[in-house]
Amino acid sequence: MSSDFLSVRNLSKTYPNGVQALRDVSFDVAKGEFLVVIGLSGSGKSTLMRCLNRLQAPTSGEIFFEGADIGKFKRIDQIRGLRRKMGMIFQHFNLIPRQSVLQNVLMGTLGVKKTLPSLLGMFTPADKAEALNNLKLVGIAEKAHLRADQMSGGQKQRVAIARALMQNPTLLLADEPVASLDPATCHVVMDYLQKINRELGITVVANLHFLSLVRKYATRVIALKDGQIVFSGKPEDITQEWFQKIYGEGTQDVAPDIL
Ligand code: ADP
């Protein structure tokens, strides 16, 4: 059954060097889901994220988002409008180190309004109130005036979440959001992602490495292997046999941390 929210149909991506990163990938995401994409490094997870928000154009296939075939978007205003609805957070946070936490969060409005004052960093009191409110949502409003490079890794990712929220996205794409964090901090950041998913109703699509996190946070999982979907289902249905199909025989010996 296809979803009105996000529907990916027969998506393939071949890079100019001939690497087939995605092969005939089809799946749906319903509004409110917390979908996690898993797979070995190189299986196509990041390519999929980049196709979803049109950082990359797919080679073939369709992506329907909120009713529009976004693969056909060519004009900059269409792509900008799309990116506004899709917030994105990254493994390395992508904050501006020497700016304050608040300034970094306010940067999230730039995708929304391209007015000269905001481009010059002159934000309205309403923008600032919203930024502070978003920082409060992720529990670090008291850090608003500290520099971003004074934050720990987990705090930086929470700033990045607050920044993404400034766009009022309907979908949050999280590309390995906790891959640079220690295990305890992973849970703190994941808890905030779960909170915005549940309380704000923002759909989340995240790439995750650790199966323990997948089991705790995903409402549904798809697994990629060599650019193809090899598993789609509930996290509790990833049995040992599925685990070996997804990650390959002997994976436990080389990567016990994935479990
Ligand atoms: P993952 O996120 O699962 O690690 P990626 O989507 O980054 O996987 O990569 C999938 C495949 O595509 C890999 O073989 C990778 O080397 C290749 N790839 C990724 N980006 C590019 C690129 N810009 N140009 C060429 N090949 C790429």
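Let's start with a sheet. Four strands make an open sheet, and their order is S2-S1-S4-S5. The pairing is antiparallel. Which strands stand at the edges? They are S2, residues 20-29, and S5, residues 68-69. Each has a single partner strand, so one side of each is left without a neighbour in the sheet.

One thing to keep in mind: this is a predicted model.

Now look inside that sheet. Strand S1 covers residues 6-14, and strand S4 covers residues 60-65. How many bridges join S1 and S4? Five, and the two strands pair in the antiparallel sense. Here is one pair you can find on the screen. Take leucine 6, then look across to S4: its bridge partner there is phenylalanine 65.

Next, a helix. H1 runs over residues 45-52. Is H1 mostly covered or mostly uncovered? Mostly covered: six of its eight residues are buried. Buried here means under 20% relative accessible area. The buried ones are Lys45, Thr47, Leu48, Met49, Cys51 and Leu52. Note that a lysine, Lys45, is on that list. An α-helix has 3.6 residues a turn, so residues three or four places apart point the same way. Now step just past the end of H1. There, arginine 54 takes a positive phi of about 65°.

Let's jump along the chain to another pair of strands. S9 spans residues 220-225, and S10 spans residues 228-233. They pair in the antiparallel sense, over five bridges. Together S9 and S10 form a hairpin, with two residues between them. Which residue in the turn has a positive phi? Aspartate 226, at about 50°.

Now zoom out to the whole chain. It has ten helices and ten strands. Its radius of gyration is 18 Å, close to the 18 Å that the globule rule gives for 259 residues, so the chain is as compact as a globular protein of that length. Along its principal axes, the C-alpha trace spans about 55 × 40 × 35 Å.

What about burial? Of the 259 residues, 50% count as buried. And contacts? Take those between residues at least 6 apart in sequence: 69% of them join residues at least 24 apart.

Last, the surface and the charges. The chain exposes about 11,900 Å², and carbon and sulfur atoms supply 53% of that. There are 32 positive and 24 negative side chains. The centres of the two sets lie 8 Å apart.

Key:
Residues are numbered from 1 along each chain as its sequence is written. This is a predicted model: local features need pLDDT of at least 70, side-chain atom pairs count only at pLDDT 80 or more; totals for chains, interfaces and linings use all residues. Side-chain values use heavy atoms; hydrogens and water are left out. The radius of gyration is taken over C-alpha atoms; the globule rule is 2.2 Å times the number of residues to the power 0.38. Buried means under 20% relative accessible area, exposed over 50%, partly exposed in between (1.4 Å probe, protein chains only). Contact means heavy atoms within 4.5 Å. Accessible areas come from the Shrake-Rupley method with a 1.4 Å probe; for residues, only the protein chains shown count as cover. Lys and Arg count as positive and Asp and Glu as negative; His and the chain ends are not counted. The place of a charge is taken as NZ of Lys, CZ of Arg, CG of Asp or CD of Glu. Two strands pair if DSSP finds at least two bridges between them.
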